[in-house]
Amino acid sequence: RQADIAMYAAKALPGTAALHYDEDMTATSVGAELQDAIRDEQLFLLFQPIVALDEGHRVLGAEALVRWNHPVHGTLAPDAFIPVAERTGLIVPLGRWVLRASLRQLAAWPAGTLLNINISARDLREPDFAGAVKALIDEYGVTPAQITLEITESMPVEPGDSFTVLDELRTLGVKLALDDFGTGSSPLSLLHDVPLDEVKLDRTFTQADPDERVSVAAGVAHLAEALKLHAVAEGVETPQQAERLRELGYQAAQGYHFARPLPAADFEALLPVEASA
Ligand code: C2E
Ligand code: CA
Ligand code: CA
Ligand code: CA
């Protein structure tokens, strides 16, 4: 217990020194709590708007971001529990919860709304992950093209097994994004081999000094153009960043300059009013 609390405190309050704790013990007890959290619906989603960089920053859709409403520690950010979920294998049921909750929510929004959903590399190794995604799409009656699944570059997909499932997902009509682009160590050939629709520039590069000699933001924009990928910049905090990224060719962006991650109702209020049938 003591160990959990130390870890939560360190995550919840930046700058708080973490006490010593036994990593495995922490993973086990947090894991047990997380299992309850999934079952008892202690998880919830926030939605961060993704906006077009031209067209007056029109809201195109959102990225679903998970939170844990912990009974003792309050709202926890994903970095407090996703790593534990990955180590304990609970990332699979957690990911299923996120997918279901995301599609349920998407079904309630106007038909043109886009939703980006984070998946883990572990999901791609689950037998028939694409089948599970299809079952949820059918259950909630959303259009596959409304959905973009984000795969983080820091947990690179491995050649072979995971490419098949990516092809299956694309066959369903779901789109795929490479998340946190630029932070990982994937070879550029990955961009060529993996069937992608979108790259998301990590916020480190969005926020880099524009006078730096080598601009990763510009390089990624060129790559995206050459490979005909939708380019989205994350972590836009100033109007100057937004304007520069638009000039570089990014089609869309998200970040505190436009909006923080929002509860569903607040996000919904930003959407264009649905044309009456
Ligand atoms: P990410 O996919 O890179 O998500 C974007 C993160 O950047 C979010 O943090 C968001 O709140 C934050 N952010 C957005 N705009 C700005 C900005 O302008 N400035 C700054 N400084 N930060 C900004 P969050 O919600 O804490 O998520 C952290 C990470 O947790 C995500 O990074 C993603 O990798 C992971 N994650 C979140 N939800 C899920 C999920 O449902 N499943 C999985 N597998 N991972 C998730
Ligand atoms: Ca993401
Ligand atoms: Ca990201
Ligand atoms: Ca990131």
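Trainee: Which residues are the protein donors of the calcium ion (ligand 4)?

Mentor: In this predicted model, the protein donors of that ion are Asp 180 and Asp 202, each through OD, and they lie 2.6 to 3.2 Å from it.

Trainee: Where do Asp 180 and Asp 202 lie in the chain?

Mentor: Asp 180 belongs to strand 6 (residues 175-181), whereas Asp 202 sits in the loop between strand 7 (198-201) and helix 9 (203-206). The pair therefore ties together parts that are 22 residues apart in sequence.

Trainee: Is Asp 202 buried or exposed?

Mentor: Asp 202 is buried; its relative accessible area is 11%.

Trainee: And which ions does Asp 180 bridge?

Mentor: Asp 180 bridges the calcium ion (ligand 4) and the calcium ion (ligand 3), and these two ions lie 3.4 Å apart.

Trainee: Turning to the calcium ion (ligand 2), what coordinates it?

Mentor: The calcium ion (ligand 2) is coordinated by Glu 63 (OE), Asn 118 (OD1), Glu 150 (OE) and Asp 179 (OD), at 2.1 to 2.3 Å. Along the sequence, these donor residues follow the spacing E-x54-N-x31-E-x28-D.

Trainee: Which ions does Asp 179 bridge?

Mentor: Asp 179 bridges the calcium ion (ligand 2) and the calcium ion (ligand 3), which are 3.7 Å apart. Asn 118 is in strand 4 (residues 114-119) and Asp 179 is in strand 6, so this pair ties together parts that are 61 residues apart in sequence.

Trainee: Which strands run parallel to strand 7?

Mentor: Strand 6 pairs with strand 7 in the parallel sense over 3 bridges, and strand 8 (residues 230-233) runs parallel to strand 7, joined by 4 bridges. Val 199 of strand 7 stands opposite Leu 178, and its bridge partner in strand 8 is Ala 231.

Trainee: What about the chain as a whole: how many helices and strands are there?

Mentor: The chain has 12 helices and 9 strands. Of its 277 residues, 48% are buried. The accessible surface is about 13,500 Å², with 54% of that belonging to carbon and sulfur atoms.

Terms used
Residues are numbered from 1 along each chain as its sequence is written. Chains are lettered from A and ligands numbered from 1 in the order in which they are written. This is a predicted model: local features need pLDDT of at least 70, side-chain atom pairs count only at pLDDT 80 or more; totals for chains, interfaces and linings use all residues. Side-chain values use heavy atoms; hydrogens and water are left out. Donors are N, O and S atoms within 2.8 Å of the metal (3.2 Å for Na, K and Ca); water is not among the atoms, so sites may look incomplete. Helices (H or I, at least four residues) and strands (E, at least two) are DSSP runs, numbered from the N terminus. Buried means under 20% relative accessible area, exposed over 50%, partly exposed in between (1.4 Å probe, protein chains only). Accessible areas come from the Shrake-Rupley method with a 1.4 Å probe; for residues, only the protein chains shown count as cover. Two strands pair if DSSP finds at least two bridges between them.
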